[in-house]
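Me: I am new to this structure. Please take me through its sheet, one question at a time.

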Amino acid sequence: MAMATILNRRIGKQLLASLAAASLVLAGCSSDTVTKGTPRVVVFGESLVDVGTFGFKYTTQGSAPTGAASNKVFPEVIAASLGATQPCAYFRSTTGGASYTNTAGCTGFGVGGGKLISQDATSPTSLTVQLDAAAGALGSYTNDDVVVISISGNDGADLITAYFALAQGNPASFVALTSKVLGASTVTALLSADPTTGPATVGIAYMTALATTTYNLVKSKVLDKGASKVLLANTPKGSATPRLAIGLANVQAQLGAPARAQVEGLFNQWYQSYNQQLALKFAAEPCVAIFDLYALQETFATTPATY
């Protein structure tokens with residue numbers, strides 16, 4: 001069985017457990033959170049939750065690219081367990097993302113490559129675009145809705161890719177990316193204050209600010225629109241993904257194992273900065289249960305035989 005399939009099934013089961021454990025907490029977030037009809041699963045984010053934007057599952061493949069015979073991504077596992085209608089892809093693209101069409105009646109707004117900070121602010125890869133599309137298509141949320149969100153993994157990967165370029169003497173992408181959130185003057189000041197530790201400091205500030213951005217978007221565009229059951233995954237351990245593992249392997253080949261460990265520790269610190277701020281911001285939001293995707297992915301890396 002493919003690791004991506006196991007990952008999605010395991011995440012689905014863990015999220016269901018989170019939903020059950022959070023039920024008492026969620027019950028306190030509004031005057032009426034009792035589900036009165038068939039649950040509806042509404043999905044936002046990136047490849048882990050993309051149910052078929054591009055005509056196939058972004059992270060797992062089965063005997064069919066989409067539909068009943070395909071491998072389920074974890075929002076579909078959740079929907080099946082809740083007895084809900086399977087979410088279908090609202091955004092569809094046959095051009096690899098060059099253009100999209102919208103599909104009425106679908107509640108899977110997540111798109112592979114989804115980000116908080118997208119290069120194209122008008123693209124469905126932008127979480128803001130996804131949330132706004134849902135507002136237009138669905139209106140406000142009801143107590144029958146379970147909102148599932150997985151975002152930020154690609155943002156962290158973009159930061160790390162830019163850092164590798166910086167380490168090779170090309171700081172432009174690192175400065176440009178982080179300046180979008182922190183402001184050019186702040187980034188320049190932090191890098192100039194200490195060229196050795198400056199990039200690490202900027203990375204922490206950037207990921208912390210992204211968590212605040214996540215909170216602001218979920219608060220204004222989900223919670224304030226009536227959602228009473230929100231499952232939000234924190235950012236996964238990016239250093240355990242194949243994409244970044246290749247970069248870390250290159251560091252080890254060129255500079256040795258101690259250098260790799262140092263760089264990997266830095267990246268994990270950045271991801272945890274996001275997760276810590278996310279937990280802090282949502283601590284006072286009883287309608288939101290945070291699922292620890294970082295910890296789950298770490299178990300795949302440390303004890304793969306278990307899965």
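**The sheet, strand by strand**

Reply: In this predicted model, four strands make up an open sheet with parallel pairing, and their order is S1-S4-S5-S6.

Me: Which strands stand at the edges of the sheet, and why is one side of each left without a neighbour?

Reply: An edge strand here has a single partner strand, so one of its sides has no neighbour in the sheet. The strands in that position are S1 (40–45) and S6 (288–291).

Me: By how many degrees are neighbouring strands turned against each other on average?

Reply: The angle is taken between neighbouring strands of this sheet, with direction ignored. The average is 20 degrees.

Me: Which residue in S4 stands opposite Val41?

Reply: S1 and S4 (residues 145–150) are paired in parallel over six bridges. Within S4, the residue opposite Val41 is Val146.

Me: What is the bridge partner of Val147 in S5?

Reply: S4 and S5 run parallel and are joined by four bridges. The partner of Val147 in S5 is Val230.

Me: Which residues of S5 point the other way from Val230 and Leu232, and are they buried or exposed?

Reply: In a regular strand, side chains alternate between the two faces of the sheet. In S5 (residues 230–233), Val230 and Leu232 point one way, and these residues are buried. Pointing the other way, and also buried, are Leu231 and Ala233.

Me: Which residue in S6 is the bridge partner of Leu232?

Reply: S5 pairs with S6 in the parallel sense, over four bridges. Leu232 has as its bridge partner in S6 Ile290.

Methods:
Residues numbered from 1 in each chain as written. Predicted model: local features only at pLDDT ≥ 70, side-chain atom pairs only at ≥ 80, totals over all residues. Heavy atoms only, no water. Pairing = 2+ DSSP bridges. Helix = DSSP H or I, 4+ residues; strand = E, 2+ residues; numbered from the N terminus. Axes fitted to C-alpha atoms, helices over the stretch in contact; angles between N-to-C directions. Buried < 20%, exposed > 50% of the residue type's maximum accessible area, 1.4 Å probe, protein only.
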